[in-house]
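Please read it alongside the sequence and the structure.

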Amino acid sequence: PLSAVAGRPLSCPNHEGKTMEFYCEACETAMCGECRAGEHREHGTVLLRDVVEQHKAALQRQLEAVRGRLPQLSAAIALVGGISQQLQERKAEALAQISAAFEDLEQALQQRKQALVSDLEAICGAKQKVLQTQLDTLRQGQEHIGSSCSFAEQALRLGSAPEVLLVRKHMRERLAALAAQAFPERPHENAQLELVLEVDGLRRSVLNLGALLTTSATAHETVATGEGLRQAL
């Protein structure tokens, strides 16, 4: 076909040395004289040169029609490519927003955690201080009573009569004072401490936090309806 377009005669593939000079309209093929007299004898045939220009013109029209699609395809490529680029940009923007939002939430959670830990340390520290002061007083009293009792027992057991009489007055006053001394035996503080931490609702909220809104609607397939079309300004 290329040589025919270029104006050069074509050799018949079925009959060597024969030139294809005829065209069979029924079979839409070129042929030589022997093909015409043989298998195409009952077909309507014309000279090849008489239909070449006609077919070239038809092909030219088809070529122009097809080539006319190129601007449309270029525009469509630009449109779809632009939407693809916008999608990538919006994806990056959404990803940045997600990261920033959850970083803020993580920071807020850490701040609240530190605040609770700080409050816990302060409350327990204050309670422990009261309890430790009371324990020191009780242990000091326990030590005084124990040492005084040991001294008195040792004097009674090992001391001579004159020695017992010499320390009797002092020991009697000492033991009487210890017996009458009031000690802080009831706790001045309690161990009441309870953490109220409602995490289930917060966990559910976090697990459902955020949403991605999208559709697959396109302008050429979308129709606007409703009263807004008639009432909107």
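The points below are grouped by topic and describe a predicted model.

**Sheet**
- Three strands form an open sheet in the order β2-β1-β3, and their pairing is antiparallel.
- The edges are taken by β2 (29-31) and β3 (45-47), each of which pairs on one side only.
- From one strand to the next, the twist averages 35°.
- Strand β1 (residues 22-24) runs antiparallel to β3 and is joined to β3 by three bridges.
- Within this part of the sheet, Phe 22 stands opposite Leu 47 in β3.

**Salt bridges**
- The structure has two salt bridges.
- One of them pairs Lys 127 with Glu 189, with 2.7 Å between the closest N and O atoms.
- This pair links distant parts of the chain, 62 residues apart: Lys 127 belongs to helix α4 (residues 69-158), while Glu 189 sits in the loop between α5 (161-180) and α6 (200-207).
- Lys 127 has a relative accessibility of 17% and so counts as buried, whereas Glu 189, at 25%, is partly exposed.
- Arg 203 forms a salt bridge with Asp 200, and their closest N and O atoms are 3.0 Å apart.
- Both Arg 203 and Asp 200 lie in helix α6, three residues apart, or about one turn of the helix.
- Arg 203 is partly exposed at 45% relative accessible area, and Asp 200 is partly exposed at 45% relative accessibility.

**Cysteines**
- The disulfide count is zero, with a cut-off of 2.5 Å between cysteine sulfur atoms.
- Cys 124 is partly exposed, at 27% relative accessibility.
- Cys 149 is also partly exposed, with a relative accessible area of 32%.

Key. Residues numbered from 1 in each chain as written. Predicted model: local features only at pLDDT ≥ 70, side-chain atom pairs only at ≥ 80, totals over all residues. Heavy atoms only, no water. Pairing = 2+ DSSP bridges. Helix = DSSP H or I, 4+ residues; strand = E, 2+ residues; numbered from the N terminus. Axes fitted to C-alpha atoms, helices over the stretch in contact; angles between N-to-C directions. Buried < 20%, exposed > 50% of the residue type's maximum accessible area, 1.4 Å probe, protein only. Salt bridge = Lys/Arg side-chain N within 4 Å of Asp/Glu carboxyl O.
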